[in-house]
Amino acid sequence: MNKTIGFIGGGNMASAIIGGILNSGLASKEQILATTKTEKTATSLSERFGISTSTDNTAAAKQSDILVLAVKPFVFGEIIDEIMDCVRPETLIISIAAGQTIEKIEHAFAKNIKLVRAMPNTPALVGEAMSALCANQNVTEDDLSDARTIFNSFGKCEIVPEFMMDTVIGVSGSSPAYVYMFIEAMADAAVADGMPRAQSYKFAAQAVLGAAKMVLETGMHPGALKDAVCSPGGTTIEAVATLEQLGLRSTVIAAQRACVKKSKDMT
């Protein structure tokens, strides 16, 4: 990609994206720049990735062909006020701020912009993010292709209509927390049955990783994969029956829908 990619904000998610871009060879260190709130953070980011960093948001906005807004929602308006006159008409803006809709961002810039709204999740930190992207009417097919290439560099991404963004938060944005709880619970059970704690986490986490990979790589329905593990009268069907009795699926569905409702209320 022969473009300058700028980041305003240098937190965990921005770092994960920068790492993905560099590790995939999508862009060189010389093509990436980032700004942070403090000189200390800017220096740390520069030392980690070898990229150009500063605290000057307006300079980053002027130089970037693709500008990623990776700041917290509570400072979002302040940042836009600072850079809005510096962003070039041809610059593609990518926002990863939660709760900031395309309409809100367009209104804040008060001019025509090319905008992609994105929702990655924390497994971006290990190159396994699941991200959703939606774009405004000014984004071209080439722009969208660039955005997809960036987000595919540290995981997988899908294009969705914006009304699905709250659903995305429930199914992927917040869901790593549910999975961590499931892993912890499995490990606790293993410890109760005599397995050392560290070993129990490894067994549980690897089982979840392998099961997820089976769904993605085989293309089989999760129910069919579950059935394949359940031998008649065996141990697995005994566990599955207990999970059904105690309402695992209905609890997950209720929790995820509560997450989506909260996201809608916050928008």
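Reader: Leaving aside neighbours within four places in sequence, which residues is F151 in contact with, and what makes something a contact?

Author: A contact is a pair with heavy atoms within 4.5 Å. Leaving aside its neighbours within four places in sequence, F151 is in contact with I17, I94, I96, A118, P120, S131, L133, K156 and C157. Before we go on: this is a predicted model, where local features need pLDDT of at least 70, side-chain atom pairs count only at pLDDT 80 or more, and totals for chains, interfaces and linings use all residues. Residues are numbered from 1 along each chain as its sequence is written, and side-chain values use heavy atoms, with hydrogens and water left out.

Reader: What makes a group of residues a nonpolar core, and which members touch the most others in the largest one?

Author: The members have to be buried Ala, Val, Leu, Ile, Met, Phe, Trp, Tyr or Cys, joined through side-chain atoms within 4.5 Å. The largest such core has 33 residues, and F7, I21, I94, I150 and F151 touch the most other members. Helix α1 gives this core its largest share, 6 residues. There is also a second, separate core of 27 residues, with I8, A61, M84 and C86 among them.

Reader: Why is A16 called buried?

Author: Buried means under 20% relative accessible area, exposed means over 50%, and partly exposed is in between, using a 1.4 Å probe and protein chains only. A16 has a relative accessible area of 8%, so it is buried. This residue lies in helix α1, and the buried residues of α1 pack against β1 (5–8), β2 (32–35), α2 (39–49) and α6 (141–152). Not counting residues up to four places away in sequence, A16 touches A124, L125 and F154. A16 and V126 are 110 residues apart in sequence, yet 7.7 Å apart in space, C-alpha to C-alpha.

Reader: Why does A129 count as buried?

Author: Its relative accessibility is 4%, so A129 counts as buried. It sits in strand β7 (residues 129–135). Leaving aside neighbours within four places in sequence, A129 is in contact with N121, P123, A124, F154, G155 and K156. K156 is 27 residues from A129 in sequence and 6.1 Å away in space, C-alpha to C-alpha.

Reader: Q100 lies in a loop, so why does Q100 count as buried?

Author: The value decides: Q100 has 15% relative accessibility, and therefore counts as buried. Its loop runs between β5 (92–95) and α5 (102–109). Q100 touches P73, F76, I105 and R117, not counting residues up to four places away in sequence.

Reader: And S263, buried or exposed?

Author: Buried, because its relative accessible area is 9%. S263 lies in helix α12 (residues 248–266) and is in contact with D166 and I169, leaving aside neighbours within four places in sequence.

Reader: Why is A110 called exposed?

Author: A110 has 61% relative accessibility, so it counts as exposed. A110 is found in the loop between α5 and β6 (114–119). Its phi is near 55 degrees, a positive value in a residue other than glycine. Most residues other than glycine have a negative phi.

Reader: How many of the chain's residues count as buried overall?

Author: Of the 267 residues of the protein chain, 39% count as buried.

Key:
Helix = DSSP H or I, 4+ residues; strand = E, 2+ residues; numbered from the N terminus.
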